[in-house]
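Subject: Structure handover

Hello,

Here is the structure I said I would pass on. Please open it next to this message and follow the notes below.

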Amino acid sequence: MSNADPLLQPYTLRHLTLRNRFMSTAHEPAYTEDGLPKERYRLYHAEKAKGGIALTMIGGSSVVAPDSPQAFGNILLYKDEVVRWLQELADDVHSHGAAVMIQVTHLGRRTSWSKEDWLPVVAPSPVREPAHRAFPKAMEDWDIERIVAAYADGAERVQAGGLDGMELECYGHLIDQFWSPATNQRDDEYGGGLDNRLRFAFQVLRAIRDRVGPGFIVGTRMVCDENWERGLSRAEGLEIARRLVASGLIDFVNVIKGHIDTDEALSHVIPGMGARSAPHLDFAGEVRAATKVPTFHAARIQDVATARHAIESGKLDMVGMTRPHMADPHIARKVMEGREAEIRPCVGMGYCIDSIYGGQAACIHNAATGREATMPHVVAHTTGPRRKVVVVGAGPAGLEAARVAGERGHAVTLFEAADQPGGQIRITAGLQRRREILGIVDWRTAECERHGVAMRFNTYAEAGDVLAEEPDVVVVATGGLPNTSFLDAGEELVTTSWDILSGAAKPAETVLLYDDNGAHPGLTAAEFIAGAGSRLELVTPERMLAPDVGGTSYPAYFRAFSEHGVQVTINLRLESVRRDGNRLVASFLDEYGHRRVEKRADQVVVEHGTLPLDELYFALKPLSSNLGAVDYEAMIANRPQAVRRNPEGRFVLWRIGDAVSSRNIHAAVYDALRLLKDV
């Protein structure tokens, strides 16, 4: 791509020159330590700067006061010690040519009182937010005074930290909770007409300007249309944007459309797999045209072509590719170097967001993201001897192992029993809405080809086939097979989720689907069955449906279940299945009522994870130098494996992914990366 590429043109925001139009919008990966952006946080953002991005926005919802406790690892901007860590982060990002700003907020009702200092949650009115479930206290005059001052204090710390600017979070948080009729039911000078509802926002902005001066860059990430009959209308949202711009108190607008008080609502603000590309981009362009202010936006702008269109068409000044930069922090550099085809794609799975609430953000298929201190985004070429590596299995684990070994410069042979790569990912893609997940396979296949990996499909490799290659390293990534062994009886009568999604079995007229996995596989099969027109009852032994599917991912499944009238039953554990004429009878245990429940259907589908397909591994184990052992201490400490348990062994042997135990895609690629990066 030539230098005429719109994405590569510099952009000047007041005094700040941004080297191109790529940015990562604010999000909180929960990488803080003690609420501070220490090494892990810094390295995560510095990697994007190394990758050529122009602007990285840190601190998704950095909080300014103790009564706005962390909801998901937020930076505690009310601590003075934060300045030191902001300075280190800013220096690192700047050293690689990028700018860095921070998002600042008070969460208002969007957090919990039972954290940190156990202070009451506050909001304009005592309207509960369903997502975070706190009942807020209506703010008093002294609450308003101290929180306005806290915003100014936070801004002063940001400026002292050497950052290039800041934005106020105004969607679903305290400032716009005052704006929205859905959350502001006050009858004083802060409620009622738009002038009153804007009063708090202008107090905050003026206090910030008084503290940091007119030259410091301050913007808003703001909702301009809550797309909600009881919320902020499009007309009022645009009017608010116009008034903020006309005040001269802000320098840019980062556009949001929608509301986020429920998981269903949030799933449209942050659209995931199966949603259309860039659904709010045209609206962001309307905001830019109406306000004539520098405009940023990010919502499922996943590919470079869409980003290029956003800039070239004049809809945006800076284009947010936030989740894509978690998948590949080097997007900008690859565009500059004419290597767009090598960009690791974001497949929209939402694992990055969903995993935050379980601990810390992780990309479903980039195990280096968030682990920059130990895992490489660019695998270095070996400085040692070129080795012969054999990988068996072309699911995500095997493809990643082959890719990493190939990038290291080794001679790699990949065996796969099927006629094409992908393993369980290809089964998942049997549901049309989730076909985007194939990007995980397609990218790795292309990378394997680029690195000269010899891929042999339609080959069910046995020990002799592997030994014939005279390998130095063998990686068994044969995956697993559906586990139905938990049944006391009737194992031969059930259908698996694999059978349904692969087309090996068609959904019957009435179907019972038993999900004792609690993750995507069961819901994927259920959506497929419901869409096929079956009368479906989804049964789980859990106290809730799919506990391992996160808040931005499950709404798409639930919408399908609602549309097709799927019945959901919790708290029943499947024990056995028997035949009764032309139908099947499933026997369940209700552990709470100490009773057994029987249900009849034409078909019983089971999702209970997988059992390892490990015959090859155990056939090769006695011949290996390490006898299959992995030094976990070395793995955790990021040291190369050096296990030698069999002096006669001719090769190192590892098994990874579901060939070890039933886990997920991220676990599979992480296994592969941390073992093969040092070979």
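Strand E19 is covered on both faces: Thr510, Leu512 and Tyr514 on one side are buried, and so are Val511, Leu513 and Asp515 on the other. Buried means under 20% relative accessible area, exposed means over 50%, and partly exposed lies in between, with a 1.4 Å probe and protein chains only. In a regular strand the side chains alternate between the two faces of the sheet. E19 spans residues 510-515, and six of its six residues are buried. Strands (E, at least two residues) and helices (H or I, at least four) are DSSP runs, numbered from the N terminus.

This is a predicted model, in which local features need pLDDT of at least 70 and side-chain atom pairs count only at pLDDT 80 or more, while totals for chains, interfaces and linings use all residues. Residues are numbered from 1 along each chain as its sequence is written, and side-chain values use heavy atoms, with hydrogens and water left out.

E19 pairs in the parallel sense with strand E20 (residues 535-539) over five bridges; two strands pair if DSSP finds at least two bridges between them. Threonine 510 has arginine 535 in E20 as its bridge partner. Between E19 and E20 the chain passes through helix H19 (residues 520-531), and this β-α-β crossover is right-handed. That term applies if, with the strands pointing away from the viewer, the path from the first strand over the helix to the second runs clockwise. E19 is also joined by five bridges to strand E25 (residues 603-607), again running parallel. There, leucine 513 stands opposite valine 605.

Next, helix H20 (residues 554-564). Its buried residues are Pro555, Ala556, Tyr557, Ala560 and Phe561. They pack against helix H8 (263-269), H19 and E20, where contact means heavy atoms within 4.5 Å. Just after H20, glycine 565 takes a positive phi of about 65°.

There is also an open sheet of five strands with parallel pairing, in the order E15-E14-E13-E16-E27. Its edge strands, E15 (454-456) and E27 (652-655), each pair on one side only. From one strand to the next the twist averages 15°. Axes are lines fitted to C-alpha atoms, for helices over the stretch in contact, and angles run from 0 to 180 degrees between N-to-C directions. Strand E16 (residues 473-476) pairs with E27 over four bridges, and valine 474 has leucine 653 as its bridge partner. Helix H14 (residues 396-407) packs on the sheet and touches E13 (388-392), E14 (411-415) and E16; its direction makes about 165° with that of E14.

How many disulfides does the structure hold? It holds zero, a disulfide being a pair of cysteine sulfur atoms within 2.5 Å. Cysteine 224 is buried, at 0% relative accessibility. For cysteine 346, the closest cysteine sulfur is in cysteine 352, at 6.3 Å, which is also too far for a bond. Cysteine 346 counts as buried too, with a relative accessible area of 15%.

Last, aspartate 225, in strand E9 (residues 217-225). Is aspartate 225 buried or exposed? It is buried, because its relative accessible area is 7%. Its side chain reaches the backbone nitrogen of asparagine 227 at 2.8 Å.

Regards

Note on methods. A polar contact is a pair of N or O atoms within 3.5 Å; within protein, one must be able to donate a hydrogen and the other to accept it, and residues adjacent in sequence count only if both atoms are side-chain atoms.
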